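Here's a quick tour for anyone opening this one for the first time. Have a look at the picture, then work through the notes below.

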Amino acid sequence: MSEQNTTDETPSADAPRGTTLSRRRAITLAGVGVAGVAGVAVGAGALVRDSDRAGANEGVAAGAVPFHGEHQAGITTPAQDRLHFVAFDVITKDRAKLVALLQEWTAAAARMTAGKDAGVIGAVGGMPEAPPDDTGEALGLPPSQLTLTIGFGPTLFRDAQGRDRFGIADRRPAALADLPHFAGDALRPEISGGDICVQACANDPQVAVHAIRNLARIGMGVVSVRWSQLGFGRTSSTSRAQDTPRNLFGFKDGTANLKAEDAGLLREQLWAQPGDGQDWMTGGSYLVTRKIRMLIETWDRTPLAEQQQIVGRTKGRGAPLGKGDEFEEPDFATKGDDGEPVIAETAHVRLAHPAQNDGARLLRRGYNFVDGSDGLGRLDAGLFFIAYQRDPRKQFVPIQTRLSRHDAMNEYLRHVSSAVFACPPGVRDAADHWGRALFG
Amino acid sequence: MRTTRFVMLAATGVLAVTGVTACGADTDTKTAKAGNAVKVKATDTVCEVDVTELNAGQATFSVTNNGSKVNEFYVYAPGDRVMGEVENIAPGLSRELRVELPPGTYETACKPGMSGRGIRGALKVSGSAATVAPDAALSQATASYQRYVQSQTGALLTKTEEFVAAVKAGDVAKAKALFPVARTYWERIEPVAEIFGDLDPKIDGREEVVEEGMPFTGFHRIEKDLWATGDISKDGPIADQLLTDVKEIVAKANAEKLNPLQLANGAKELLDEVASGKITGEEDRYSHTDLWDFSANLEGSKAAIAALRPALEQRSPELVKQLDTEFANVEATLGKHRADDGWKLHTALSKTELKELSDSINALAEPISKVAAVVAR
């Protein structure tokens, strides 16, 4: 957390005039009849803000995550419970329009992550003839640790015909390379890729959905939603303060994840460093998303011992096979009575482990998803895999190449969507905005 | 055919400007004449209106809620036609309703708890209707749009007559060719056509929106017979009824004067129509001639905005520029799908092409949604 907060200001200190009512306070006040109109007076707003802060005794899960900082929030931030991830296509050819949208989005993101309405007027209290500048479904809800994390896809730099779309083609980082085809990929183009992504994570699904919905609304005419994905239930922990959660196979997932506390490893494995390539990405990170359908029903018919063989960990405690505790290092050398390794050559944990990948690691913060059922009575469910890293060419690509060839789990998986994005460093302050260094 | 949402808005009447001060944008004070400032004290059981006679023109009602329930205040014309309303007045709050009232008899109503008929009172407005419409550019808009409506209703009547004649003659091919043409004039003026309650569903109702006990009639019933079965031998009475209904609506539409706010909302609702019904191919599910309706809705929306243009140019030239750009963009995008004298079938467009159309409509609908507030201020 400290990594991303170094230049943080209080979220409300930099808010534009008349913007200081939090959603919750606005409702309370309207009920009392003091200020049914938001933004009616700066002085009144300021009072509210102070009393709001003084009275802030909500749990951590309901609180706000600072939006400004050295790095974007939503990466090492302890993984929240809910996800709404969206990929946009940019539909304008006008660079100035795109930059103006990024500025408008940044202001809305700063407001929403602080628990406020997306716009300065708000969901209620504006002119009755005008559509509100916030959609309203998050009224009365706390910030819920909402984070909004933006990334830029390869197609923002050059289109499919190789044309430089916005005069930034020479700023495309080498690390933002298109992912290769992996064995078994069954990708659907309409839910893959995208020019710009925004990851919304929060502890309340309504807050995450509200954020994406409002960004999409603000972006009408400049961007168009290409695909989006809801996730419930984090499948990784990004901090040692968090327990390791379970994925839909019922196994603990993300035990060996990069964690916020591993400062040295984060520098080495997560954040783009000076000299890595494009300066605008220094302090940023590269994001790979994969929507991985799990064939739940056949997995559920698999014997426990086989499930554990496939994963390489015990289902109960999540300990590496042959060990007793989740956080013990797996022993890949030891052989059982049958002469075979205790952790099979094709076990997921072996193939994915840093020791087997020249030390390459990922910061994973994926989410379980269930998109209803598939018409054959099967859950349309799986893992929306999210991984941040310093360079996918050295991290995700080699790891996934091994997994796609050898992982015994592949029998139960289908990769249906794939995307890669360059997530710039954090927005420093109220004068900064998403994409400023890239387009500056 | 749309939902009743627009009908409600249209019936809401003239410039119900409430909460204007909320956005801090309005500094001009179009103060009502001294005699037209009305104080309303509402409680949970009483609705005390301090004036029961007014001069025609703009009236300003200051409604104070001294009760314990959330309240609403309405001004009704005969038949409970809403002339203006202010909702959600929390206990202890005051809110203003500004409404333009031509001469006539009205009723005021407070609705504690925001339900029921409310607590009614009589209101008489006398004087000259000429005092209405204080803004010259805006009053032009009403007249200008009325001329547009009159220009369309003539063609609607002619083409519907031809269509009906073809149906009754059993000429399937000719009826099929005339179906999208006649509908073009209908779809262009839907904002005004929809004001008249039952006529709209009778003329343009889709099968699923017809209520229990009400026969499925109108354009879409004949469309189904033309394309799904090809048997229109029993459609004579339905065609006759269609013509009767269209004649009735034409007469009413020609006489109707839409106020500027209705025009602004009408322009937006036409695009919502496109976004929700035409892009998806729901409107003309048998003939797949949705792009004809798409184009007509777009033209109708543009006509309503054109009527408002002088006022918009005075008040928000930036918005006018944006509207021009986005109208041109939708027209260019739609223009790719022309075929002969008309349009390609909905089924001939790829998903990518439909997405592109949808994006262009969204890009236009966004600035159009801001027009009403500009008109109202």
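Predicted model: local features only at pLDDT ≥ 70, side-chain atom pairs only at ≥ 80, totals over all residues.

Residues are numbered from 1 along each chain as its sequence is written, while chains are lettered from A and ligands numbered from 1 in the order in which they are written. Chain B has twelve helices and eleven strands (DSSP runs numbered from the N terminus: H or I of at least four residues for helices, E of at least two for strands).

**The cores**

- The largest nonpolar core has 97 residues, and A:Ala200, A:Ala208 and A:Ala211 touch the most other members. Such a core is a set of buried Ala, Val, Leu, Ile, Met, Phe, Trp, Tyr and Cys residues joined through C-beta atoms within 7 Å.
- Helix 3 (residues 95–113) of chain A gives this core its largest share, nine residues.
- Setting aside neighbours within four places in sequence, A:Ala211 is in contact with A:Met112, A:Leu146, A:Leu148 and A:Ala200.
- Another core, of 70 residues, lies apart from it; B:Ala141, B:Ile203, B:Ile249 and B:Ala253 are among its members.

**Strand 1 of chain A**

- Strand 1 (residues 82–90) of chain A has eight of its nine residues buried, so it is largely enclosed by the rest of the structure. A residue is buried if 20 or more other C-beta atoms lie within 10 Å of its own, exposed if 12 or fewer, and partly exposed in between, with C-beta atoms placed from the backbone.
- Strand 1 of chain A pairs antiparallel with strand 3 (residues 196–202) of chain A over seven bridges (strands pair if DSSP finds at least two bridges between them), and A:Leu83 stands opposite A:Cys201.
- Nine bridges join strand 1 of chain A to strand 4 (residues 223–234) of chain A, again antiparallel; here A:Phe85 stands opposite A:Gln229.

**A sheet in chain B**

- Four strands of chain B form an open sheet in the order 2-1-4-7, with mixed pairing.
- Strand 2 (47–49) and strand 7 (94–101) of chain B are at the edges with a single partner strand each, so one side of each has no neighbour in the sheet.
- Strand 4 (residues 57–65) of chain B runs antiparallel to strand 7 of chain B, joined by eight bridges, and B:Thr64 stands opposite B:Ser94.
- B:Val40 lies in strand 1 (residues 37–42) of chain B and counts as buried because it has 25 C-beta neighbours inside 10 Å.
- B:Val40 and B:Phe61 are 21 residues apart along the chain, yet their C-alpha atoms are separated by 6.7 Å.

**Helix 6 and the rest of chain B**

- Buried residues make up 47% of the 377 residues in chain B.
- The buried residues of helix 6 of chain B include B:Phe219, B:Ile222 and B:Leu226, and the buried set packs against helix 2 (136–168), helix 3 (172–188), helix 5 (199–204) and helix 7 (236–255) of chain B.
- Just after helix 6 of chain B, B:Gly230 takes a positive phi of about 75°.

- B:His288 has a positive phi of about 60° although it is not a glycine, and B:His288 is partly exposed, with 19 other C-beta atoms within 10 Å.
- B:Asp340 also has a positive phi, near 50°, and sits in the loop between strand 10 (338–339) and strand 11 (342–343) of chain B.
- B:Asp340 is exposed, with 6 other C-beta atoms within 10 Å.

Conventions
Contact = placed C-beta atoms within 7 Å.
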